Structure formats: C-alpha cells, structure tokens
Amino acid sequence: MSRVARGWTQRCVACGTAYESDVRSYECGKCGNLLELVREGKVSRSDLFGDKSQPGIWKFRHALPLPGDASVVSLSEGYTPLVHVARIGAKLGLSKLHVKNEGQNPTGSFKDRGMTVAVSRAVASGAKLLVCASTGNTAASMAAYAARAGVTAMVTVPAGKVAAGKMAQVYAYGGKIVRVDGDFDAALNITLKVATEIKELSVMNSVNPYRVEGQKTNAYEVYEQLGYRVPDYFVLPVGNAGNISAIWKGFKELKEWGISDSLPRMVGVQAAGAAPIVDAFYHGRNSIKPVQPHTIASAINIGNPASWKKALAALTESNGMALSVTDEEILEARMDLSSSEGIFVEPASATPLAALKKLKGKIPRDATVVCTCTGNGLKDQESVKVQLETTPLVGSPEELVSLLAKTV
Ligand code: F0G
C-alpha cells in the first residue's frame, strides 16, 4: 500500500495507533476502529483561502492529504451556493437561515467532494477497480470519477431500495451494478469483506479516510461564504455518518490552525425509521444499537452506520443535538423548501429543515444556522410521482381558459 503523504499521519480514532501506509481494510489492526488522516502543523489562512487556481475543492489542497505533484481526478466539485433562505427562515423563526445546496455538485450530491480525493489517491496508488456499497449517491459519484479516471467502477446496492435516478447515473457513467438481497448495511458488510480478500478492489466508502478529507471542505467553504465566520448551528442528515464526522473535522481544523475562533453546534438528523445514532445520543449511550431501517429517505435508510463512533464524538464535542423526523415531516419540509425557495432536494436532504421545524423557538432568532442539503431532488422523483398523476389534462384552448378561470 502507498505511504501516507509527507506531513500527514494516519492513525486510529480510538487507540491512536499510527500507520505509515494506507491500510487496506481501513481498520486499526490493533482495535478494529476506523482510521483518520491528520495533518502535522498548521495551514495558514492565506494558504487555505488564497489559491484559486486549482479546480474544485483542490483550491484547498494545502489541507488535503495528497502530495503536491499528484495529478487529481476532478470534475470541479465544491463551491456550491450558500443561499440565505429568508422566506422559510421567517416561518421557522430564524433570521439567518442558510442552505448549502450540495445538489449542485457535478453528480448532484455532496459525495463528489470526498470522491475526488479518494479516487485521486486510489488511482495514484495504481488502483484499477473501485468498489463501494451505496444507497445511490456514493455509487453515482464513484462511477463518474472512475469514468473520469479511466478505471472500472463496481457498486453494490440494496435491491429495490435505490432511487431510479441514481441507478440511471451509475449505468450512464459505465459503472457495473450488483444488487444485494438486503439493506445497505448488508451490502457494505459484503463489500468490505470481499475487498479485504481481493487486493485488486479499492473501497470508496466513507470508511476510507480520504473520502472524509474531501468532505470536510464543506466546512471551509461555509466559513468563507459567511464572510469568514463560523455558523452557530450546522444541521445535516446522518446516514452512514461519514459526513458529520468530516464536516466537524473541518471546523475543528479551522480553529486548531488559528483561522477561526469558534465552533458550531452540530445538529445531526436521522429518519425516524433509521435513527440508531439519535437513539444512542438521546439516551447518553456511547454505542449504537443497530436497527432494521425503514424510511422513504432511501439515501439514509441505514441501520448500522459505520462511522457512528465519530458521529457521536462530533455531537458530544460540539455540544450538539440529534433529532429524528418522520417520513411525513420529511416530505412536508421538502415541499416547503422547494415551493418557497426554489430549491428542490431529495428526501434525505430535507431532514435538516424538518428538524428545525421541531426546534422552532429553541434556537435564538438571530443565530446563524446552516443546513446542508446533500442531494438534488431530480435524483429521486418517485416521491412526487403520485401527485403528478392527478394534475389536470386539457385538449383545447377553451378547456385551458376555463381551468385558468378557476385557478387565477
Ligand atoms: N444525504 C444524502 C443525499 C446521502 O446520499 C447520504 C448518504 C447522506 C445524506 C448521509 O451521509 O452517510 O455520510 O451520513 N448516502 C450514502 C450513499 C450512504 O451510499 O450514497 P452520511
């Protein structure tokens, strides 16, 4: 395996054991916990924000674990809009509510941030076959970056439980699709087991610490887009729990490097039918009880999240909150956001707004709140299909006029 880039250490998040080279299983050989990449020394404000010459998130390359000369596999990911959503904010009693619209990434989700780093690293290390288990977005993203790099992508997905738009993406990017008889958790389990045995496979799930490094750039961007300010609250959906771990790492780095002087409170949101992290946090347990997941938000239909330990640490360290929201609350929040702000997101991405509705009155009105809306609504059209079938049908100008007379 390739050596970790100069100036970086790879170590276990639990026991701290350090590794000089990438670890195939992404697990600590001593205690079995996940690994993280840590940059030695500090990145300066001008190094972090001054270089605009690179594509996508590679503007932050001083904070990314690739050697300076590695050529990167990029589709110009990142720099997604941070939109002040005043109308929905007024409904929720928040004057400074913002949506980080990650659906505007190249493949329509935040996964592209992590994928550009993980795929660049894998390809630079000689990988030819990339694999992941996925509820859809990771698969679409990995397949696109594999195509861009000229290597093969193979994805495992829970059969019948992935939005059609995401499957179409994987297919179109030339990825090989394998359906697993079970949930995402079963798909991930099978994939990780096989990948440890067959050395040609490189796993691109968020247990891969290079994914986390890319995804942390969301924190840097939000800080920059708020005029070099840390938000008071950062609200996001939690599934396999890689993203909350990554974004918290990004905010912590800004503070450790002396760039910012505060940290946000992280608010993790899960669907009620798939909420093992919320349950553990709520009951003050330091481990999760896996569940059989069931939610319309298929992207986060996960019952045994791999990065639960990092997620619980992020919630605890940030004095954060964890909430679960029902499928009805998710669909209502999604509709609220699209019809009052023009931002159409997939169901999982509406969970932060559904949670804020529940928290109404509990967060100060003038707090700066950022919701990360992780995926584009166009990927998952199944959840609005029924409503579309009941729209009026006309065959003549007269019929349209009479319809308008009733509606205008
Ligand atoms: N939102 C969307 C749209 C997602 O696709 C995911 C995860 C999440 C939120 C949760 O992020 O897993 O880092 O906590 N999707 C993965 C996938 C599992 O396979 O696409 P997380």
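Predicted model: local features only at pLDDT ≥ 70, side-chain atom pairs only at ≥ 80, totals over all residues.
**Exercise 1.** Find how many helices and strands the chain has, and decide how its radius of gyration compares with the globule rule.

*Solution.* Step 1: counting the elements gives 15 helices and 13 strands.

**Exercise 2.** State what share of the residues in the chain is buried, and what share of the contacts with a separation of 6 or more joins residues 24 or more positions apart.

*Solution.* Step 1: a residue is buried if its relative accessible area is under 20%. Step 2: of the 408 residues, 55% are buried. Step 3: among contacts with a separation of 6 or more, 68% are between residues 24 or more positions apart.

**Exercise 3.** Locate Arg229 and classify it as buried, partly exposed or exposed.

*Solution.* Step 1: Arg229 sits in the loop between α8 (217-225) and β10 (233-237). Step 2: partly exposed covers the range between the 20% limit for buried and the 50% limit for exposed. Step 3: the relative accessibility of Arg229 is 38%, so Arg229 is partly exposed.

**Exercise 4.** Which residues does Arg229 touch, leaving out those up to four places away in sequence, and with which side chain does its own side chain make a polar contact?

*Solution.* Step 1: with that exclusion, Arg229 touches Val222, Tyr223 and Thr368. Step 2: the polar contact of the Arg229 side chain is with the side chain of Thr368, at 3.0 Å.

Notes
Residues numbered from 1 in each chain as written. Heavy atoms only, no water. Helix = DSSP H or I, 4+ residues; strand = E, 2+ residues; numbered from the N terminus. Rg over C-alpha atoms; globule rule 2.2 N^0.38 Å. Buried < 20%, exposed > 50% of the residue type's maximum accessible area, 1.4 Å probe, protein only. Contact = heavy atoms within 4.5 Å. Polar contact = N/O pair within 3.5 Å; in protein donor to acceptor, adjacent residues only side chain to side chain.
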